[in-house]
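Dear colleague,

I am passing on the structure below, and after it you will find my notes on what turned up when I went through it. Please read them alongside the coordinates.

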Amino acid sequence: MIKQINAQVSTLLETQQEVLRLARDVEVSQEIYVQLLNRMQELNVLKAGTVGNVRILDEAVTNPIPVAPKKALIVVLATMLGGMASVGYVFVMAAFNRGVEPAEQIEELGINVYASVPESPLQQSMNEKSTKSLLRMARNPNIEVKLPFLAIEDPADLAIEALRGLRTSLHFAMLEAQNKTIMVSGPAPAVGKSFVTANFAAVLAQAGQKVVVVDGDIRRGYMHIQLGGNNKYGLSDFLADKNAENNEDGVNKLIQQTKVTNLDFIPRGTAAPNPSELLMQSKMSALLDELNKHYDYVLIDTPPILAVTDAAIVGRYAGTSLLVARFGQTPAKEVEATVKCFAQNGVDVRGVILNGVQRRASGYYGYGYGYHYGYSYKSEQ
């Protein structure tokens, strides 16, 4: 018992020492914490009291006039550039479009212009509706298609009035002609030959003249569609048939009546592989002589002379030969070349019909319609 008490007493001093040491450590830690807390407070006070080094020297002054954009300069530059672009566009279009515009360009070549046919908005509208029908016919030849006839749809149209003027001019020009046959041709396809031929024939018929239209384009003629006829038996079939009699009875088999009083029609017939040879036969001349006996006017629509020679052959049978030029498309040199080509074949061209014309600022007219059926001079097989 005494030993235990002695042992506890001996250890009591070490315990006190440990307590004192730990108490000292706690006091030191508290002092360090208080110092750090004071330092943090000092830093916060310094941060809150920091003053910037930026100073406002002068207040900003605004300009009541905007610096940009400069509207006056922009308007002037835009006007100048727009004018230059417009002039350039006109010159470029003039360079690419060398077609005749005023009739004076043709007359300067020494060629008479018998008529200028104005543009017909009604014809343009009807052509747009007919395009789909013509495309269907191209895919299926058995489909019956009827093209609009301006002379019937609107007899008071300006284009028809111009053709009435042509009727008067041509009456005096034909006084010295060898016969009453009128050939209508042109330099190239799509100039409106068929349009002029059909409607001019209708104008003549409406004046009480007895007229027959012959589709002399036995390659790709389509006048039977416009005149409301059929193409089962036509000019090419008659010329190729050795048994066909070239008298009144034989000719009557060719002739078809149209929806216009006093206007008859002879279709082209079956497309032939040798159209030039057929037209050169004496039977063609005899056929025209027979028609001249019974009609006041015989109009023949022919293919373009610069494409094939058929028109030059037919021109020798005709007492009067006319050309159709399309405004803005047919160059003046092409018209001159066409006249020379006919002259080399002994055909005298009386004059030119400037097909349709649009009103322009300069006071003349220009044009833009025609049947869009894909004209091509390849023999049908």
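Helices here are DSSP runs of H or I with at least four residues, numbered from the N terminus. In that sense Lys293 and Glu290 both belong to helix α12, where they sit three residues apart, or about one turn of the helix. An α-helix has 3.6 residues a turn, so residues three or four places apart point the same way. The two side chains form a salt bridge, with 3.7 Å between the closest N and O atoms; Lys293 is exposed at a relative accessible area of 63%, whereas Glu290, at 11%, counts as buried.

Before going further, please keep in mind that this is a predicted model. The average pLDDT over the chain is 79, and 83% of the residues score at least 70. Confidence is highest in strand β6 (residues 297-301), with a mean of 93, and lowest in helix α4 (residues 121-139), with a mean of 64. Over residues 361-381 the pLDDT falls below 50, although this stretch still has 69 contacts in the model beyond near neighbours in sequence.

The whole structure contains six salt bridges. One of them joins Glu161 to Arg164 at 3.0 Å, N to O, and both of these residues lie in helix α6 (residues 158-173), three residues apart. Glu161 is partly exposed, with a relative accessible area of 39%, while Arg164 is buried at 19%. Another links Arg219 with Asp310, the closest N and O atoms being 2.8 Å apart. Because Arg219 lies in the loop between β3 (211-215) and α8 (223-226) and Asp310 in helix α13 (residues 310-315), this pair ties together parts that are 91 residues apart in sequence. Arg219 counts as buried at 14% relative accessibility, and Asp310 counts as buried at 0%.

Which buried charges lack a salt bridge? Lys283, found in helix α12 (residues 282-294), is one: its nearest side chain of opposite charge, Asp241, is 6.1 Å away, beyond the 4 Å limit for a salt bridge. The contacts of Lys283, not counting residues up to four places away in sequence, are Phe238, Leu239, Asp241, Lys242, Ala244 and Asn246. Asp264 in strand β5 (residues 263-266) is also buried without a salt bridge, with Lys210 as the nearest side chain of opposite charge, 5.5 Å away. Leaving aside neighbours within four places in sequence, the residues that Asp264 contacts include Val211, Ile255, Thr258 and Tyr295.

Cores and backbone

The largest nonpolar core has 45 residues, and among those with the most contacts inside it are Ile106, Leu235, Ile266 and Phe342. Apart from it lies another core of 39 residues, including Ala115, Leu163, Val196 and Ala198.

Helix α7 (residues 193-206) has 14 residues and reaches 20 Å from its first C-alpha to its last, close to the 20 Å expected; 13 of its 14 residues are buried. Gly208, which follows α7, has a positive phi near 95°.

Most residues other than glycine have a negative phi. Ala190, however, has a positive phi of about 65°; this residue lies in the loop between β2 (181-185) and α7 and is partly exposed at 44%. Asn262 likewise has a positive phi, of about 75°, in the loop between β4 (256-257) and β5, and is partly exposed at 35%.

With best regards

Notes:
Residues numbered from 1 in each chain as written. Predicted model: local features only at pLDDT ≥ 70, side-chain atom pairs only at ≥ 80, totals over all residues. Heavy atoms only, no water. pLDDT = per-residue confidence, 0-100. Helix = DSSP H or I, 4+ residues; strand = E, 2+ residues; numbered from the N terminus. Contact = heavy atoms within 4.5 Å. Buried < 20%, exposed > 50% of the residue type's maximum accessible area, 1.4 Å probe, protein only. Lys, Arg positive; Asp, Glu negative; His and termini not counted. Expected span 1.5 Å × (residues − 1). Core = buried A, V, L, I, M, F, W, Y, C linked by side-chain atoms within 4.5 Å.
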